[in-house]
Amino acid sequence: MYQINYLAVVVATLICMVIGSLWYSPLLFANRWMKELGFGKKDEDRMKKEAPKAMLGMLVGAFLMSWILAYSVYDVTDFVAGMIRAFWMWLGFVVPVYLSMTLFESRKWTLFFISTGYYLVSLLIIGGVLAVWK
């Protein structure tokens, strides 16, 4: 049985959180994301108040994603090969979920690309890290 390097999983979790903080910041996609969701100033204030709970949920999700990805790259020892494995995980699991949400919930395609883009970048980086850090 493959032994998980929990320190690598924790670091990968933190990497996801940093990428998410940048991705959904005003530097990158926060303004467009909020606009596409129809959020205004009132929603921004509510989101700031609810941010700690949302960040905790994201932390748990990032940990689970990193932990499962660590098992998925157990037999890979090359950074690029880890990224490739992570790409297939993204394509097979993240894209279909967001595609269904976009189509059945009449969501905007911009939201699809912002959200799936975050997961693509996160998974590629942590896939590489987890592949080489055993």
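**View 1. The cavity of the predicted model.** The structure holds one cavity of 30 Å³ or more. A cavity is a set of points on a 1 Å grid over the protein atoms alone where a 1.4 Å probe fits but cannot get out. Volume is the space filled by probe spheres set on the points. Tyr98, Met101, Thr102, Arg107, Leu111, Phe112 and Ser115 line the largest cavity; lining residues have an atom within 4 Å of a point. Helices H4 (79-104) and H5 each give two or more residues to this lining. This is a predicted model, in which local features need pLDDT of at least 70, side-chain atom pairs count only at pLDDT 80 or more, and totals for linings use all residues. Residues are numbered from 1 along each chain, and side-chain values use heavy atoms, without hydrogens and water.

**View 2. The largest pocket.** Its volume is about 840 Å³. A pocket is an open set with protein on both sides within 12 Å along at least five of seven lines. Of the 25 lining residues, Tyr24, Trp33, Met47, Ala54 and Met55 are the closest to the centre. H3 gives the largest share of the lining, eight residues.

**View 3. The second largest pocket.** This pocket has a volume of about 200 Å³. Among its lining residues are Leu64, Met89, Phe93 and Tyr119. H4 gives the largest share, five residues.

**View 4. The start of helix H1.** Helices are DSSP runs (H or I, at least four residues), numbered from the N terminus. Asn5 caps the N-terminal end of H1, with a side-chain oxygen 3.1 Å from the backbone nitrogen of Leu7.

Key: A polar contact is a pair of N or O atoms within 3.5 Å; within protein, one must be able to donate a hydrogen and the other to accept it, and residues adjacent in sequence count only if both atoms are side-chain atoms.
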